[in-house]
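Student: Could we go through a structure together, one question at a time? I would like to learn how to read it.

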Amino acid sequence: MPLLRIVDLHLAFGGVKAINGVSIEVGRGRIHAIIGPNGAGKTSVFNCISCVYRPQGGAIYFEDRKITGMKPHRIARLGIARTFQNIALFHHMTVLDNLMLGRHLFLKRGAFLGGIHIGPARGEEIENRKAVEDIIDFLGIENIRKKPVGTLPYGLRKRVELARALALKPKLLLLDEPMAGMNLEEKEDMARFILDINEEWGVTILLIEHDLGVVMDISHRVSVLDFGVKISEGEPAQVANDPHVIRAYIGEEDDFLRELEGRGN
Amino acid sequence: MKEVFARYDTFPKLLLRNAERFGDRKVAMREKEFGIWQSFTWKEYHEHVKRFSLGLSSLGLARGDKVAIIGDNRPEWVWAEVAAQAAGAVPLGLYQDSTLKEVAYVIDHSDSTFVVAEDQEQVDKILDIRDQLPKVRYIVYTDPRGMRGYDDPQLIDFKEVEELGREVERREPGRYEQQVGASGSEDLALICYTSGTTGFPKGAILSFRNLLTMAVNLMEVDPKRETDEFVSFLPLAWIGEQMMCLSSALLTGFTVNFPEKPETVQENIREIGPNIMFSPPRIWENMTSNVQVKVMDASWLKRKMYEWALPVGYEYADTLFRKEKPDSLLQWKHRLAYYLVFRALKDRLGLLRIRTASTGGAALGPDVFKFFTAMGVNLKQIYGQTEISGISCIHREGDINFDSVGKPIPETEITISEAGEILSRSPSVFLGYYKNAEETENTLAGGWLHSGDAGYFTEDGHLVVIDRVKDVMHLTDGTGFSPQFIENKLKFSPYIKECVCLGNARDFLASMICIDYPNVGKWAEGRRISYTTYTDLAGKPQVLELLAKEVEKVNATLPESTRIRRIVLLYKELDADDDELTRTRKVRRSFVGERYRHVIEGMYAGATSIPVDAVIKYQDGKTSQIRTTLAVHDL
């Protein structure tokens with residue numbers, strides 16, 4: 001049974017069909033990548049999964065439960081966490097505070113008990129802090145624990161955002177361009193983290209990424225979108241050689257395509 | 001301490017004694033993990049060592065085998081070392097940022113059969129070069145993260161080895177204690193590979209007697225206490241850190257603290273508030289330049305207070321250096337300065353509780369020395385080398401002379417050869433270099449340890465180290481000068497990270513300077529000078545002017561004939577990964593001279609600008625190209 005099933009998804013903004021009948025299955029424990037040119041509808045798919053958008057047609061099932069139409073906060077509770085293309089963190093708060101906030105789902109005591117920090121609220125905070133420290137250790141960000149996020153360089157903020165998503169203890173992690181704007185070293189680190197999260201913590205990962213080198217290296221399976229339609233799907237090597245994929249880009253003289261062909265050979 | 005050494009003459013014996021003496025009542029080590037200082041008592045320390053040692057034996061580690069250890073400072077590093085010694089094997093440390101070539105050389109040259117590696121990163125390093133390491137039988141890793149996917153019969157988890165050891169103990173109780181009892185002070189304790197400013201590293205063989213007599217003798221004149229706290233953040237492969245974390249800690253029973261990460265050292269020092277400290281000059285220099293930069297950013301009032309307090313501190317320090325008693329006015333002024341400024345400053349740097357601190361490994365600029373003395377930090381210069389188990393000279397309490405490295409410690413004889421070289425003799429002098437009889441003979445010729453350093457004794461018996469014998473340079477007119485001495489003066493500027501003075505067999509002195517990227521960057525931002533990279537920033541004419549002014553300040557303190565006449569700012573920082581610095585960050589002059597030959601030739605040929613087309617190598621082996629033009633500035 002796949003962890004996530006997207007069935008015949010349709011989404012339109014007025015006359016623009018952003019997603020036109022896309023179906024994707026994400027197996028448990030896999031790293032699944034969605035690629036495609038700008039405007040292909042990748043982020044829209046993410047927004048449908050996290051229920052920010054309500055699709056006009058089709059359905060999405062998570063662990064065989066229909067999630068389309070749910071409220072976004074319920075999605076988080078089910079075990080789906082995401083990062084954003086543009087970092088979504090509280091810039092004036094420290095890394096630690098951002099991560100603790102990421103655990104708010106697990107805080108059951110009210111604001112009052114939490115505020116005066118006694119009894120069960122205290123135990124609860126310690127427990128959550130432990131979980132957060134585990135993530136801090138995992139991602140190697142001990143040295144910036146107490147720094148305000150706004151003072152950090154971009155590559156580190158991306159890492160903090162990943163940490164924030166992990167704080168939710170997700171079963172499925174949606175990563176929207178985790179490597180965008182990073183230098184080579186940062187990309188390699190991030191790829192390592194994604195693999196480790198997947199292998200050590202058993203988290204299923206669905207990611208959107210433009211860096212094809214990374215996608216081909218770490219993904220188990222790749223889906224290609226173009227103009228809201230899935231034009232190909234399969235193992236990375238298979239996709240790179242798919243005539244549909246190649247045809248979709250021919251004439252565009254696109255680096256994207258050339259790289260794709262290069263990878264296939 | 002002497003009595004202790006007489007009865008417990010090896011590390012494992014001392015550990016056993018401490019475990020019996022302190023049990024679970026005293027903390028031996030702390031390690032910050034998950035944001036909390038986790039402690040290990042002496043009993044736990046001993047238990048881990050015992051299990052790991054028996055575990056290694058059960059995997060086939062025999063007496064005389066070698067165990068290589070690589071990784072950041074962690075309790076496991078120390079446990080592995082003592083465990084290997086307890087099993088009759090000889091441990092050796094590797095610098096965690098060594099290149100593959102160096103790692104392969106040392107492991108193979110030392111005939112190591114076991115490697116203890118910290119984490120996946122270090123394990124990958126070893127696996128990458130495994131075909132060059134036919135003697136290695138097991139690779140033990142201490143941090144299992146990321147290791148799940150590795151399926152290799154040579155790899156084994158630290159905890160698994162401890163588990164094997166626990167089995168052995170159940171079968172043969174008392175075996176460990178018996179092994180420890182059989183060890184003696186003449187046994188080999190450690191092979192310490194010296195960074196070596198030239199060629200491949202050499203492995204100095206040290207016995208327990210060497211290491212422990214050194215620590216005992218040092219403590220006679222610079223005592224450490226059972227209640228002391230120490231923060232261990234310099235490479236454990238370095239003899240200085242060995243002396244503190246192992247010999248001294250085991251002898252006295254003080255607590256060793258390991259920081260969370262290399263990046264959090266400063267913060268962690270402040271949390272612990274150590275009583276004793278031993279660091280090479282660069283650490284003190286960094287602190288000084290940090291303070292200077294932070295002061296520039298401070299509010300008007302704070303800046304004024306600092307500007308008032310510092311000269312008071314300097315005056316106080318100078319009086320102390322002259323071995324005079326400050327008059328009561330100066331005492332009051334200094335007390336006021338202390339409570340207004342220095343106390344807070346010391347607290348920020350984590351030095352508030354320092355009782356005794358020392359610096360060694362290279363010369364520390366007099367200005368830095370004065371700065372810490374002014375603040376009230378009891379900083380002493382030490383001198384020594386790996387071959388004498390670390391330290392042979394230290395300043396005595398109240399007898400500080402920042403030009404000197406103090407007087408020899410007890411049981412240590414020092415003399416100056418006719419050629420001006422410093423020679424020493426003591427029970428701590430090493431046994432020889434591993435598998436290098438020729439070098440051993442040269443270094444120990446005539447029964448003296450030849451240091452290769454040029455030096456002299458002052459009238460009051462202080463040793464002054466000028467430079468390496470081979471590094472004292474001469475201009476064409478015969479004027480002698482020590483480039484290192486001038487470089488140290490230059491590096492006191494917050495804007496200068498590293499520099500190389502030239503002038504051997506030339507008409508005048510010139511210098512290649514590496515700017516301090518964060519500090520110059522901050523300066524540039526304050527003046528709205530935009531820049532992109534290090535290379536770009538170093539190429540700005542305003543920056544060159546700024547640095548020229550800094551050099552002029554230093555020139556004013558130098559004799560006319562040895563002033564720097566021309567400077568260029570290099571397009572990259574000197575880096576140990578490019579072999580330009582040693583792992584302890586000393587400049588490798590001949591290598592740098594070769595690599596930047598056309599820059600140097602350009603400066604002496606009178607060029608005003610020098611084109612550069614260079615390839616930069618990163619730690620992971622990748623390279624990138626740099627094309628730029630260096631401007632030469634005349635002074």
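Tutor: Let's begin with Ala83(B): leaving out residues up to four places away in sequence, Ala83(B) touches Val49(B), Phe52(B), Ser53(B) and Leu56(B). Touching, or being in contact, means that the C-beta atoms, placed from the backbone, lie within 7 Å. This is a predicted model, in which local features need pLDDT of at least 70, side-chain atom pairs count only at pLDDT 80 or more, and totals for chains, interfaces and linings use all residues. Residues are numbered from 1 along each chain as its sequence is written, while chains are lettered from A and ligands numbered from 1 in the order in which they are written.

Student: How many residues are in the second, separate core?

Tutor: A nonpolar core is a set of buried Ala, Val, Leu, Ile, Met, Phe, Trp, Tyr and Cys residues joined through C-beta atoms within 7 Å. Buried means 20 or more other C-beta atoms within 10 Å of a residue's own, exposed means 12 or fewer, and partly exposed is in between. The second core includes Val160(A), Met179(A), Val203(A) and Leu225(A), and its size is 64 residues.

Student: Which element of chain A gives the most to the side that touches chain B?

Tutor: The contact takes ten residues from chain A and nine residues from chain B. Helices (H or I, at least four residues) and strands (E, at least two) are DSSP runs, numbered from the N terminus. With four residues, the element of chain A that gives the most is helix 5.

Student: Are helix 12 of chain B and helix 15 of chain B roughly parallel or roughly perpendicular?

Tutor: They pack at an angle of about 70 degrees, with their axes 10 Å apart. Axes are lines fitted to C-alpha atoms, for helices over the stretch in contact, and angles run from 0 to 180 degrees between N-to-C directions. Angles under 35 degrees count as roughly parallel, over 145 as roughly antiparallel, 65 to 115 as roughly perpendicular and the rest as oblique. Helix 12 of chain B and helix 15 of chain B are therefore roughly perpendicular.

Student: Where is Phe227(A)?

Tutor: Phe227(A) is not a glycine, yet has a positive phi of about 45 degrees. Phe227(A) is partly exposed, with 15 other C-beta atoms within 10 Å. Its place is the loop between strand 9 and strand 10 of chain A.

Student: What is the phi of Asp111(B)?

Tutor: Asp111(B) is in the loop between helix 5 and strand 5 of chain B. Although Asp111(B) is not a glycine, its phi is positive, at about 60 degrees.

Definitions and conventions
Two residues are in contact if their C-beta atoms, placed from the backbone, lie within 7 Å.
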